[in-house]
Amino acid sequence: MIATWQQDPTTTITLQWIGEKEQDGLSRNLWYRKSRTKTWHEVAHTARRFPHTDLWQFRAELTGLDPDSLYRIRVGLDSPQESVRTMPAKATNEITFISGGDSGTGSAARRTNEVAANQSPRFVILGGDLAYENGSSAKTFLKFIDQYSADLRDERGHLIPLVACIGNHETVGFYDKTRQDAPFFYAMFDGLYPDTGYATLDFGDYLSLVLTDSGHTSPIDGDQTEWLEKVLKEREEMPNVFVVNHVPMYPCVRNADDRLHAAMRKHWSPLLERYNVDAALEHHDHAFKRTHRMKDGLINDRGVLYLGDGSWGKIRSPEGPDKRPFLAKSTESYHLSLHRLEGKDRFHLALSDHGKVVDAVHTQKMARPRRS
Ligand SMILES: [Fe+2]
Ligand SMILES: [Fe+2]
């Protein structure tokens with residue numbers, strides 16, 4: 001079973017599980033109860049074929065939940081219990097979550113899974129290249145989901161919800177494709193992405209994730225850029241706004257002048273700067289990097305921080321700040337990023353697949369830029 005979200009994580013949870021027969025769902029609805037209460041509630045679920053398989057995929061969304069609460073879950077009344085937490089309504093205490101990308105199902109990914117789980121984050125964001133099934137291997141995708149479900153448990157065994165955005169390895173052909181070319185990603189996550197490859201997820205009044213599609217099933221410019229401007233403008237007052245993209249605007253391995261990076265820097269970076277985005281979480285290049293704050297393509301204290309570049313389970317050797325002046329730091333290291341929100345303060349730690357601190361940076365919301 002895997003937990004994710006399609007609406008406000010303070011009051012909802014979406015649960016999904018795979019069965020061999022349609023009857024696995026029909027006779028066995030999902031039941032839940034709030035921890036320390038006695039009454040089980042039944043909730044309807046949807047059932048559909050999982051693409052390219054004979055398996056069935058079931059989904060139930062729990063809504064109207066209490067914030068910051070633990071819920072017990074079971075499929076049918078005789079199955080083992082699972083448990084999952086809603087997010088707090090207010091960011092009064094510290095909130096910890098983890099981001100990363102480019103996982104796959106290998107041994108490095110399992111080690112990074114373990115480091116992530118040991119932090120007991122409230123949730124994980126994977127910014128694309130989850131399973132490396134390339135839109136064609138259901139077996140590989142389901143192996144990734146099974147490993148996530150087994151490994152990503154907090155210190156009490158509760159499910160750690162997964163928020164995902166699309167990368168090239170979700171897609172047959174990688175770029176300029178359609179939703180049909182990313183069958184497994186959309187089968188699992190179309191609750192959050194019912195029509196487009198991009199979406200927002202707002203956590204109460206304290207955190208917004210702006211999840212983009214870096215040219216895999218939606219073009220960069222046009223509709224998506226218009227949407228990005230609209231949603232960033234609407235969230236200008238939000239205390240924490242993170243844009244999540246698979247392909248990096250400021251890559252540490254690939255050529256920064258390549259088409260996609262250049263298009264994203266042209267169309268998206270100015271919007272991140274104008275609407276005071278706190279950081280862009282980037283992936284795809286398979287190394288650790290932290291940029292300087294960047295504005296108009298130059299280092300600027302009032303600019304945007306870019307953290308990346310997706311090495312949960314895949315690794316490459318990055319260029320250094322000598323070759324790419326926009327980089328503050330880069331290393332060839334598997335890593336995840338641990339984000340801790342504490343009132344006005346934010347801490348971003350990069351931890352290696354063995355739990356070593358690779359990097360640490362402290363940020364605060366920037367004073368709003370004056371508009372001319
Ligand atoms: Fe990748
Ligand atoms: Fe990628």
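Domain bounds here come from an automatic or database domain assignment. For this chain, seen in a predicted model, that assignment gives domain 1, spanning 2-85, and domain 2, spanning 95-364.

Seven helices and 23 strands make up its secondary structure elements. The radius of gyration is 20 Å, close to the 21 Å that the globule rule gives for 372 residues, so the chain is as compact as a globular protein of that length. Along the principal axes, the C-alpha atoms fill a box of roughly 60 × 45 × 40 Å.

Attention then turns to how the two domains meet. The centres of domain 1 and domain 2, taken over C-alpha atoms, are 26 Å apart. Contact between the domains involves 26 residues of domain 1 and 32 residues of domain 2. The size of an interface is often given as the accessible area lost when the parts come together. Between domain 1 and domain 2 the buried area is about 2400 Å², and carbon and sulfur atoms give 63% of this area. Three residues stand out on the domain 1 side: Ile2, Trp5 and Arg85 supply 29% of the area that domain 1 buries against domain 2, more than any other three residues.

Polar and charged groups also take part in this meeting of domains. Five salt bridges are counted between domain 1 and domain 2. Elsewhere in the list of side-chain pairings, Glu82 and Arg153 form a salt bridge with an N to O distance of 2.6 Å. Residue pairs in polar contact between domain 1 and domain 2 number 14, with both residues at pLDDT 80 or more. On the side of domain 1 that touches domain 2, two or more residues come from each of strand S1 (2-4), strand S2 (13-19), strand S6 (56-62) and strand S8 (82-85). Of these, S8 gives the most, with four residues. By residue type, this side of domain 1 divides into eleven nonpolar, nine polar and six charged residues.

Two details of the backbone complete the picture. Most residues other than glycine have a negative phi, and most peptide bonds are trans. Against that background, Gly308 and Asp309 are joined by a cis peptide bond, with omega about 0°. Asp309 lies in the loop between strand S19 (305-308) and strand S20 (327-331). Asp129, a residue other than glycine, has a positive phi, near 55°. The loop that holds Asp129 runs between strand S10 (124-127) and helix H3 (138-151).

Note on methods:
Residues numbered from 1 in each chain as written. Chains lettered and ligands numbered in written order. Predicted model: local features only at pLDDT ≥ 70, side-chain atom pairs only at ≥ 80, totals over all residues. Heavy atoms only, no water. Contact = heavy atoms within 4.5 Å. Buried area = accessible area lost by both parts, 1.4 Å probe. Salt bridge = Lys/Arg side-chain N within 4 Å of Asp/Glu carboxyl O. Polar contact = N/O pair within 3.5 Å; in protein donor to acceptor, adjacent residues only side chain to side chain. Nonpolar A, V, L, I, M, F, W, Y, C, P; charged D, E, K, R; others polar. Rg over C-alpha atoms; globule rule 2.2 N^0.38 Å.
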